[in-house]
Amino acid sequence: MRKSAIRAVIFDMDGCLVDSEPLSLEAVAAEIRASGLSGMTADHVREKYLGISISTICQDIGETLGQACPEGFAERVEDRLFEAYKTGLRLIDGVLGLLEALDRAGIAVAIATGSSVRRLEKTLEMSGLGPHFDGRGLSSDQVKHGKPAPDLFLFAAERLGVPPSHCAVLEDSPHGIKGAAAAGMRPIGFVGGSHLKGCEAAQTSVLRSAGAVEVIDHLSRAYRALAPFRT
């Protein structure tokens, strides 16, 4: 069966475009500890919540505490994160080269992130990636169901004007991989973020089990992973 040509690549943001996950995981863990769960660490957050929206995390924390999630939880997490961004935000190695290669090939790009619109906009501004995704940065805040539902990926495809079968998705979490597969897109796993250092093999297995057709450890390999499906 002939596979569809790839005409668009939809990126997860954190851990795929910007190496922000270590900062994000610690911001979430710190706010959870402040909410009353003293044993929470960044590693615990990664294992349980990687790729999950902050609203879902907040709901789960409330259930664990046996009460409503503390008011302003998401905003305080983001405030912690933006402060850390000032000195710690970095691009994933190879991002600019990949975006330039895709642009030369006429392949459209978009972002589909579980982060809030506020965090999406701030991250694009502080990382310098804004011009690459003008009008094509999309948040789970804008759809009814976040990852692993396909809603956000389908929304991105609609925004790009590209059929889902002609879209590839780059994701570092199993929730994103499942959502991309459910949307009828080509899911490619990524394990090159610093938050996965030392557990690349385990995460590769997790992503493949979730439906990733390929898993790469550096963005220089992403374009090659797409090439056989472009024509």
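This report describes the cavities in a predicted model.

## Basis of the model

Residues are numbered from 1 along each chain as its sequence is written, and side-chain values use heavy atoms, with hydrogens and water left out. In this predicted model, local features need pLDDT of at least 70 and side-chain atom pairs count only at pLDDT 80 or more, while totals for chains, interfaces and linings use all residues.

## Cavities

The structure holds 2 cavities of 30 Å³ or more. A cavity is a set of points, on a 1 Å grid over the protein atoms alone, where a 1.4 Å probe fits but cannot get out; lining residues have an atom within 4 Å of a point. Grid points are joined across faces, edges and corners, and a volume is the space filled by probe spheres set on the points.

## The largest cavity

The largest cavity contains about 310 Å³ of space. It is lined by 25 residues, and the closest to its centre are Ser-24, Gly-51, Ile-52, Ser-115 and Arg-119. Helices H1 (21-34), H2 (42-49), H3 (54-65) and H4 (73-88) each give two or more residues to this lining. H1 provides the largest share, 4 residues. Helices (H or I, at least four residues) and strands (E, at least two) are DSSP runs, numbered from the N terminus.

By class, the lining of the largest cavity has 9 nonpolar, 8 polar and 8 charged residues. Ala, Val, Leu, Ile, Met, Phe, Trp, Tyr, Cys and Pro count as nonpolar, Asp, Glu, Lys and Arg as charged, and the others, Gly among them, as polar.

## The second largest cavity

The second largest cavity has a volume of about 50 Å³. Its lining consists of Val-9, Phe-11, Leu-98, Leu-102, Val-169, Leu-170, Ile-188, Ala-222 and Leu-226. At least two lining residues come from each of strand E1 (8-11), helix H5 (95-104), strand E4 (167-171) and helix H10 (222-226). The lining of the second largest cavity has 9 nonpolar residues, with no polar and no charged ones.

Methods. 1 Å grid on protein atoms, 1.4 Å probe; cavity = no way out; pocket = protein on both sides within 12 Å on 5 of 7 lines; lining within 4 Å.
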